[in-house]
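This briefing is meant to be read with the sequence and the coordinates at hand.

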Amino acid sequence: IRNFYKVIRRFLLNLFLKLINIHSTPPAATYDEIIYVAEAQSIVKYGTDLTGAWHPWDLKPTDSYYTELTSTVLTPGFILFRHNPILASKFVPLLLGSLLPVLLGLIAYRLRKKQTVFVLTAIIATLNPWIFQFSRMGYDSIFSVGLYSIGIVLLLYLKNWHKLWSMLPFFLGFYQYQGHKPLLAPLVFICFLYILLEKYDFKNAIKNVKKILSDHEILASLFVLIFSILLTVIYLVRLPNLSSGERISEFLVIDQEELASTVNQERRLSFNSPLTPLFVNKLTVLSRILADRFLNSFNPQRLFIDGNKAVDTFTVMDYGYFHLIDIVVLAVALFFFLEKKRDYKALAFVCAYIAIGTIPNVIRTGSPWIIFRGAFVFLGLIILMGLGLSSFINNFKLSNKLLIIFAYILLTTPFFYTYFVRYPITHTTHTAFYERIVASYVKRNSDKKIIIIPDRADATFSY
C-alpha cells in the first residue's frame, strides 16, 4: 500500500507540473490536433464523425494521415469539460503524459528491484523535453506510447491470468499512431521472454517444457503475445482496403527501384574491376541504407541540440529531445549498468527495447523524421539512464545522492525557460499568427482600402 501511495504521489506531481500555463502554452493547436478534437466532439454528440459515415467500431481511419481511435480516446475530456475545450482536448494527453514517467519507473524497477531505480527513472522522464512537450499536445504518438507502456507494466506486474488485462491497453494503443503498429508484437515478445527466462533460465526452459506449459503466468503471457501477433496480422490483411493503405509504399524495407538505381549509379562511377560486383551490389547498398536509417534514430544533433527545423515546427526547435546533461548521464549509465553480474537479462531487455524502437525509422523510406517514429528509442534511453544512474548514485551517502539529483534538476532548467518564455513567441511563426493579425485588422476595417505587401509569395490571409 505504501508503494502504491508513492506511485500516486509521483503521478500527481507530474500532473501538477504539466498543468502549468496549459491554457497558453503551446500558444496554438496544429491541424492534426484540431482534426482529432473535432472528431472527438462529434463522437460525443452524434456517435460518428462529422460526415456521419464513420464510427469508432469501424476500426479504420477517416483519412490516410490519421488514426483509427485517437479521437475516441479523447472523448472523456469532452464529456468531463464540455465548456472548456482547451482543457478537454488536453485532458487525456495530460493523463497519459503524467503517467508515463511512473510507468517507465515501474518498468525499470521490474528489471532491477531497487527503489532508487524507480525514483531516478521517474525524475529523468518527468524532466524529459520530449515527454513534457507531447504531454501537453494532442498528437497520436503520445497515445500509442502511453497505452503500450500501460500494457507492458500490466504484463510484467500482474500475476497469472490477470496478465490478460494488458490486452485492453495494447488494443487501444495499436489503433493510435500508425508508425507504432509494427512495434506491438516485438515489445510483447521481449516481455514474454523476460518473464520466461526470469523463472526458467535458458537451459531449464528447454528441459522443463511440460512444466512451462502448465505455468499459468507463462501461458497468460503467451496468450497476450499471440493476441498481439493476430492483431497485427488482421490489420495487415485489412490494410489494402483502408485509407491508410494508400501510404503503404512509404514503409518498405527493400525498395527495388532505389536499390537498382543506386547500384547502377555507383558502378557507372567506378573503374572497371572484377571486384565491383562484389563490393557494389544490392546487398551492400541495402546494408548501408538500413544502417543509415538505424543510426539516424540516435542522431546526436536531434537528441541533444535541436529538433529538425524543417518539420518539427510545432515543438521547441532550438532544444533537443533530451538535455545536454543527459549525454553525461548516458555515459555514466553505460559504464555502471553492469553493476551486478546477473544484470545481463536487464541489459538484454533494454537493448532489445531500444532496437525495437528503431523499426519505424528502419522500414520507412524517405528522409528520416525521428520525433514521432523514434519515441520508443527515447523511452528506452530513459530506462537505461535510470538503471545506470542508480548504480552510480548508490556509491554515495544520502546527502551526496540528493546533491547529485538536485544538480541534475538544475541543469534541466534551460529547457523550461525556453519552453515557457521563448517558445510561446517563436512558435507563432509557424501558426500563421502574424497573418491572422493582419486578417483581423482588415476585417475590422473593411470599409477602408488596405494594401498588403507580404514577405512570402505563399502568404495567405484567409483566416
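The model is a predicted one, and its chain has 24 helices and zero strands. In this model, helix H2 (residues 31-46) packs against helix H3 (residues 70-80) at an angle of about 65°, and the two are therefore roughly perpendicular to each other.

**Packing of H2 with H3**

- The axes of H2 and H3 lie 8 Å apart, and H2 passes H3 in a right-handed crossing.
- On the H2 side the contact is formed by Tyr36, Val37, Glu39, Ala40, Gln41, Ile43 and Val44, while H3 contributes Thr70, Ser71, Thr72, Leu74, Thr75, Phe78 and Ile79.

**Packing of H4 with H7**

- Helix H4 (residues 85-111) and helix H7 (residues 140-157) pack at an angle of about 35°, with 9 Å between their axes, and H4 passes H7 in a left-handed crossing.
- From H4, the residues Val92, Pro93, Leu96, Leu99, Leu100, Leu103, Leu106, Ile107, Tyr109 and Arg110 take part, and they meet Ile142, Phe143, Val145, Gly146, Ser149, Ile150, Ile152, Val153, Leu156 and Tyr157 of H7.
- The residues of the contact of H4 with H7 are divided into 17 nonpolar, two polar and one charged.

**Loop between H1 and H2**

- The peptide bond that joins Thr25 and Pro26 is cis, with omega at about 0°, and Pro26 belongs to the loop between helix H1 (2-18) and H2.
- Asn21 is also found in the loop between H1 and H2, and its phi is near 55°, a positive value in a residue other than glycine.

**Overall dimensions**

- Taken along the principal axes, the C-alpha atoms of the chain fill a box of roughly 85 × 70 × 50 Å.

**Confidence**

- The pLDDT of the chain averages 87, and 92% of the residues score at least 70.
- Confidence is highest in helix H8 (residues 167-174), at a mean of 97, and lowest in helix H10 (residues 202-207), where the mean is 69.
- Where pLDDT is low, the predicted coordinates should not be read in detail.

Conventions
Residues are numbered from 1 along each chain as its sequence is written. This is a predicted model: local features need pLDDT of at least 70, side-chain atom pairs count only at pLDDT 80 or more; totals for chains, interfaces and linings use all residues. Side-chain values use heavy atoms; hydrogens and water are left out. pLDDT is the predictor's confidence in each residue, from 0 to 100. Helices (H or I, at least four residues) and strands (E, at least two) are DSSP runs, numbered from the N terminus. Axes are lines fitted to C-alpha atoms, for helices over the stretch in contact, and angles run from 0 to 180 degrees between N-to-C directions. Angles under 35 degrees count as roughly parallel, over 145 as roughly antiparallel, 65 to 115 as roughly perpendicular and the rest as oblique. A crossing is left-handed if the near helix is turned anticlockwise from the far one by less than a right angle, and right-handed if clockwise. Contact means heavy atoms within 4.5 Å. Ala, Val, Leu, Ile, Met, Phe, Trp, Tyr, Cys and Pro count as nonpolar, Asp, Glu, Lys and Arg as charged, and the others, Gly among them, as polar.
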